[in-house]
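This report walks through one model, feature by feature. Keep the sequence and the structure open while reading.

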Amino acid sequence: MNLYQLTDYFVQSLESSFDPDTGEALPAFEEKRAMWGSKARDVLAYSLNLKSDAKQLDELLKSIKARRDAIENKRTRLVDYLRDNMKFSGITELKANDGSFTAKLLIERDESIEIDEGTAFPPELCNAPAPPSPSKSLIRAAILRGEAIAGARIVRKDRLEIK
């Protein structure tokens, strides 16, 4: 029987489980109560086991994520190392002997806008929502028009494409 069935069985037998003269619980009632208590303890123990399993899985996930992050960081450092050495050597393309992969160094191909922390910009260089936030596209356009924008600059970065 599961706990639902035992509970229903226990509750239905409450009226007939006590001696009408003395009010004492009959032995059958104590047996039913013991069965219910045993099943309830089993459910509680199983619940605690599941909690422990979930905690162990959380720790495993953290460990796996930390390992994945470490591998990704190592890969990023290796790509940066390769890019820097290719640029220093003047080499812009590498190919595997069998053609299975290539790496192309595209000098100053990528550009982005860097904004100094805490710099305030006029409303025409900000996005609409309140509070206004600097719009990198509007700031970029202003810089390309030749306007001097304090606290912002266009930064060009090399890109190493690996296929």
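Searching the whole structure, which is a predicted model, turns up 12 salt bridges.

| Asp 84 | Arg 83 | 3.9 Å |

Glu 111 sits in strand S2, and Arg 156 sits in strand S3 (residues 152-162), so their bridge ties together parts that are 45 residues apart in sequence. Glu 111 is partly exposed, at 26% relative accessible area. Arg 156 is partly exposed too, at 45%.

Glu 147 counts as partly exposed, with 39% relative accessibility. Arg 145 reaches 57%, so the residue counts as exposed, the cut-off being over 50%. Shared partners also matter here: salt bridges join Lys 65, Arg 68 and Asp 69 into one network.

Asp 84 and Arg 83 make the remaining pair in the table, at 3.9 Å. Asp 84 is partly exposed, with 48% relative accessibility. Arg 83, by contrast, is listed among the buried residues of helix H2.

**Helix H2**

Buried positions in H2 include Phe 29, Lys 32, Gly 37 and Ala 40. Val 79, Arg 83 and Met 86 are buried as well. An α-helix has 3.6 residues a turn, so residues three or four places apart point the same way. After H2 comes Gly 90, with a positive phi near 80°.

Trp 36 also belongs to helix H2. Trp 36 is partly exposed, at 33% relative accessibility. Beyond its neighbours up to four places away in sequence, Trp 36 touches Leu 3, Leu 6 and Thr 7. Now compare positions along the chain. Trp 36 and Asn 85 are 49 residues apart, and their C-alpha atoms are separated by 73 Å.

**A nonpolar surface patch**

Which residues form a nonpolar patch on the surface? They are Met 1, Tyr 9 and Met 35, with about 310 Å² of accessible area together. Tyr 9 is part of helix H1 (residues 3-12). Its relative accessible area is 35%, so Tyr 9 is partly exposed.

**Nonpolar cores**

In soluble globular proteins, nonpolar side chains tend to be buried together. How many residues make up the largest nonpolar core here? There are 8: Ile 113, Phe 121, Leu 125, Cys 126, Ile 139, Ala 142, Ile 149 and Ala 152. Apart from this core lies another, of 5 residues, including Val 79, Ala 103, Leu 105 and Leu 160. Val 79 is one of the buried residues of H2.

Leu 125 belongs to the largest core. Setting aside residues up to four places away in sequence, Leu 125 touches Pro 134, Ser 135, Leu 138, Ile 139, Ala 142 and Ile 149. Of these, Ile 139, Ala 142 and Ile 149 are also members of the largest core.

Ser 135 lies in the loop between strand S2 (102-115) and helix H3 (136-144). Leu 125 and Cys 126 are both residues of the largest core.

One backbone angle remains. Glu 108 has a phi near 50°, a positive value in a residue other than glycine. Glu 108 lies in strand S2. With 44% relative accessibility, Glu 108 counts as partly exposed.

How values were computed. Residues are numbered from 1 along each chain as its sequence is written. This is a predicted model: local features need pLDDT of at least 70, side-chain atom pairs count only at pLDDT 80 or more; totals for chains, interfaces and linings use all residues. Side-chain values use heavy atoms; hydrogens and water are left out. Patches are made of residues with over 30% relative accessible area and no salt bridge: like charges are joined within 9 Å, nonpolar side chains (Val, Leu, Ile, Met, Phe, Trp, Tyr) within 5 Å. Accessible areas come from the Shrake-Rupley method with a 1.4 Å probe; for residues, only the protein chains shown count as cover. A salt bridge is a side-chain nitrogen of Lys or Arg within 4 Å of a carboxyl oxygen of Asp or Glu. Helices (H or I, at least four residues) and strands (E, at least two) are DSSP runs, numbered from the N terminus. Buried means under 20% relative accessible area, exposed over 50%, partly exposed in between (1.4 Å probe, protein chains only). A nonpolar core is a set of buried Ala, Val, Leu, Ile, Met, Phe, Trp, Tyr and Cys residues joined through side-chain atoms within 4.5 Å. Contact means heavy atoms within 4.5 Å.
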